[in-house]
Amino acid sequence: MTTLGGTSDAVAFVGDWSGPVVATSVHAGHELRPDIAAAMVLDETERFREEDPHTDRIAAVVPDRVVTTRSRFEADLNRPRREAVYRRPEDCWGLEVWRDGVLSDELFEGSLETYDAFYDALAPRLDALAERGPFVLLDVHSYNHRRDGADAPPAPSSDNPEVNVGTGSLDHDLFGPLVERFMGDLRDASLGCGPLDARENVAFEGRNLAWWVHDRYPRVGCVLALEFKKTFMDEWSGELDEARLRNAQEGLAAALPGLHEELGRLR
């Protein structure tokens with residue numbers, strides 16, 4: 001693992017970044033810097049529920065990837081900078097996060113430094129990638145589908161696919177065939193763990209990381225924002241289902257050769 005000076009405790013890079021496909025899992029982290037942890041009153045179990053645990057393991061099927069360890073409750077790397085630090089309950093599912101309901105300006109600024117460190121470290125990596133031609137960034141997330149309670153029925157599958165592929169801001173004229181190939185490979189019963197219920201832009205379309213890449217690398221960068229439904233774990237107890245996590249890993253791994261082929265046609 002290669003780490004960058006000044007950001008080594010918040011972001012690291014795995015692989016040699018020689019290929020055109022890379023991955024992130026920016027909500028997988030659970031760690032907090034000590035001063036933020038001391039100011040936080042949010043129960044750790046509740047915080048874990050709103051993070052994306054184990055998505056770093058799904059993203060790990062991609063040899064070249066970013067590893068981030070900080071919780072989204074310190075700095076949400078997938079929101080615009082002005083919204084990246086949760087200060088009020090309405091910023092984060094109605095949760096009371098801070099002691100006496102207040103986050104000091106000093107702690108707020110410290111969290112923005114975490115946010116800036118991520119993008120400052122990622123930019124030169126992607127700049128080098130973009131110089132070699134079109135690339136894909138797989139932005140791996142997960143989402144809750146049992147928000148009504150541990151014993152309540154899950155949200156309808158009709159609106160909650162196993163994998164939501166967010167493509168809201170990418171250049172469809174250029175990357176449309178690549179997206180179709182990727183979706184087809186995820187659904188292909190002969191690949192990976194079998195067919196995945198993968199649908200495009202049903203519940204999520206991708207957010208700030210995708211916007212940032214598409215603005216910075218027009219007609220070169222292509223972000224596929226992947227939201228895996230938390231069927232690989234119990235979102236209330238936190239218990240992991242290793243077999244279902246392995247299915248997610250195998251499904252994504254099986255779709256990687258197709259991405260490389262489609263990118264080869266664009267280069």
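Predicted model: local features only at pLDDT ≥ 70, side-chain atom pairs only at ≥ 80, totals over all residues.
Helix H5 spans residues 172–187 and helix H7 spans residues 242–266, and their axes come within 9 Å, crossing at roughly 155°. With angles over 145 degrees counted as roughly antiparallel, H5 and H7 are therefore roughly antiparallel to each other. The crossing of these two helices is right-handed. On the H5 side, the contact is made by Leu 174, Phe 175, Pro 177, Leu 178, Arg 181, Phe 182, Asp 185 and Leu 186. Their partners in H7 include Gly 251, Leu 252, Ala 255, Gly 258 and Leu 259, along with Glu 261, Glu 262 and Arg 265. Sorted by class, the H5–H7 contact holds eleven nonpolar residues, two polar ones and five charged ones.

Leu 224 counts as buried, at 0% relative accessibility. Setting aside sequence neighbours within four places, its contacts include Leu 178 and Phe 182, both of which also belong to the H5 side of the helix contact. Leu 259, on the H7 side of that contact, touches Leu 224 as well. Other contacts of Leu 224 include Val 136, Leu 137, Leu 138 and Asp 139, plus Val 165, Gly 166 and Thr 167. Asp 139 is 85 residues away from Leu 224 in sequence, yet the two C-alpha atoms are 6.1 Å apart.

Next comes helix H6, residues 208–216, where Asn 208, Leu 209, Ala 210, Val 213 and His 214 are buried. These buried residues pack against strand S3 (21–24), helix H4 (105–131), strand S5 (135–143) and strand S8 (221–229). Leu 126 is a residue of H4, and it is buried, with a relative accessible area of 0%. Beyond its neighbours within four places in sequence, Leu 126 is in contact with Trp 17, Val 22, Phe 135, Leu 137, Trp 212, Val 213 and Tyr 217. Leu 95 is another matter: 31 residues from Leu 126 along the chain, its C-alpha is separated from that of Leu 126 by 35 Å.

Cys 222 is buried, with a relative accessible area of 0%, whereas Cys 193 is partly exposed at 29%. With a disulfide taken as a pair of cysteine sulfur atoms within 2.5 Å, the count comes to zero.

Definitions and conventions: Residues numbered from 1 in each chain as written. Heavy atoms only, no water. Axes fitted to C-alpha atoms, helices over the stretch in contact; angles between N-to-C directions. Helix = DSSP H or I, 4+ residues; strand = E, 2+ residues; numbered from the N terminus. Parallel < 35°, antiparallel > 145°, perpendicular 65-115°, else oblique. Left-handed = near helix turned anticlockwise from the far one by under 90°. Contact = heavy atoms within 4.5 Å. Nonpolar A, V, L, I, M, F, W, Y, C, P; charged D, E, K, R; others polar. Buried < 20%, exposed > 50% of the residue type's maximum accessible area, 1.4 Å probe, protein only.
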